[in-house]
Each structure stands twice: as structure tokens, then as C-alpha cells.
Amino acid sequence: MTTLSNRPNTALLVVDVQNGVVDSSHNRDEVIANINTLLAKARSEAVPVVWIQHSSDELKPDSAPWQYVPELIREATEPLIHKRYGDSFEDTDLESVLAEHGVGRVVVTGAQTDACIRSTLHGAIVRGYDATLVGDAHTTEDLTEYGAPAPEKVISHTNLYWSWQEAPGRKGGTVSTVDVTF
């Protein structure tokens, strides 16, 4: 249903699963295992996999916190997008990479649920993409000391509201790892 012309393909986005982002995240190991399952499925079906890597004052390029977690291995042919904003499209070449692969639908995984995941989902749908969230393949850290809900509530709420997300000619949706189709 994408509103982008000649974009019949789907891509898997792996957003910010970096040491300094997910080390203390909710269900870290389960989320990473689910992302690995999705990577295997995408690769076996020749679906483009696009890796997103955030940089900031806390995530300085080439530092240990900036590195992707060792459990996830990017293949040399899979694009790596560097970003500085929550929305993975903002001031990056993500759009041109997706266009090159004829992608009109993105399947989103990674971290943090309440920041880069939400921003990327909204950024995608605003730009004309269909955007599917994998409900058990994203996570966030505990920010309750700052007034945020517990991580499991943030994840649950995001899964709930994204399951109904839509815009003219575009569709959101939330699925579990076992139900992902490319």
C-alpha cells in the first residue's frame, strides 16, 4: 500500500542495537535473539537488511559503546547508515539506499523504543512507506526515575498504538517475530 512508486520490496531495519544503547535494556538477550532470527529469514529470502548506527556525545564513533552488540553480525554487502537524530531518515542516506533497492515497506527492529524506534516509524510513514514494527524485537532502558513508565509498559504501549497506525495510502502495524513476512 506504499504511496511510493515502483517500490514493491520490503527491507529489514536494525536500528541502534549498540552496546551503549542496549546494555541495560529490557529483555536485551531475547530481543537480540529475535533480531537474529529476522536477519536469518531476511537473508534467506534475499530481503535487504539495513543497519542504522547512532552517534552522539555518549556514543562517539569507534568507541566501545558505539559498536554494534557482538551477537549481531552485519554482512559486508548490507548497508550501514550513520545518524545523529532519532529518525533514521533525518539527514542520512537511508532514503536513497531504500530507493536503490525498490523498498516501499520497512520492518523495524532495535532500540530505543521510546526514541529512535518511534521516530523512525513515524518518519517512514510520513515519507510514504508502509512501516511494520516487530513487537518482540525492540527494547528500551528503564527511565522510570525520570517519570517514564516501566520499559515493558513503554514497549507494550508502542506495540498497541502502532498496530493501528495508518495514513492515506500507507499502513503501519505490529507483528511478532514468528509472524513477520517480507
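I began with Thr92 and found that Thr92 touches Ile81, His82 and Lys83, leaving out residues up to four places away in sequence; contact means heavy atoms within 4.5 Å. I noted that this is a predicted model, where local features need pLDDT of at least 70, side-chain atom pairs count only at pLDDT 80 or more, and totals for chains, interfaces and linings use all residues. Residues are numbered from 1 along each chain as its sequence is written, and side-chain values use heavy atoms, with hydrogens and water left out.

I placed Thr92 in the loop between strand 3 and helix 3 (94–100). Helices (H or I, at least four residues) and strands (E, at least two) are DSSP runs, numbered from the N terminus.

I found 6 strands in an open sheet, ordered 3-2-1-4-5-8, with parallel pairing. Strand 3 (80–83) and strand 8 (174–175) stand at the edges with a single partner strand each, so one side of each has no neighbour in the sheet. Two strands pair if DSSP finds at least two bridges between them. I read 7 bridges between strand 1 (residues 9–15) and strand 4 (residues 103–111), in the parallel sense. Ala11 stands opposite Val106 in strand 4.

I then turned to helix 4 (residues 113–126), which has 14 residues and reaches 18 Å from its first C-alpha to its last, close to the 20 Å expected at 1.5 Å a residue. That expected span is 1.5 Å times one less than the number of residues. After helix 4 I found Gly128, whose phi is positive, near 105 degrees.
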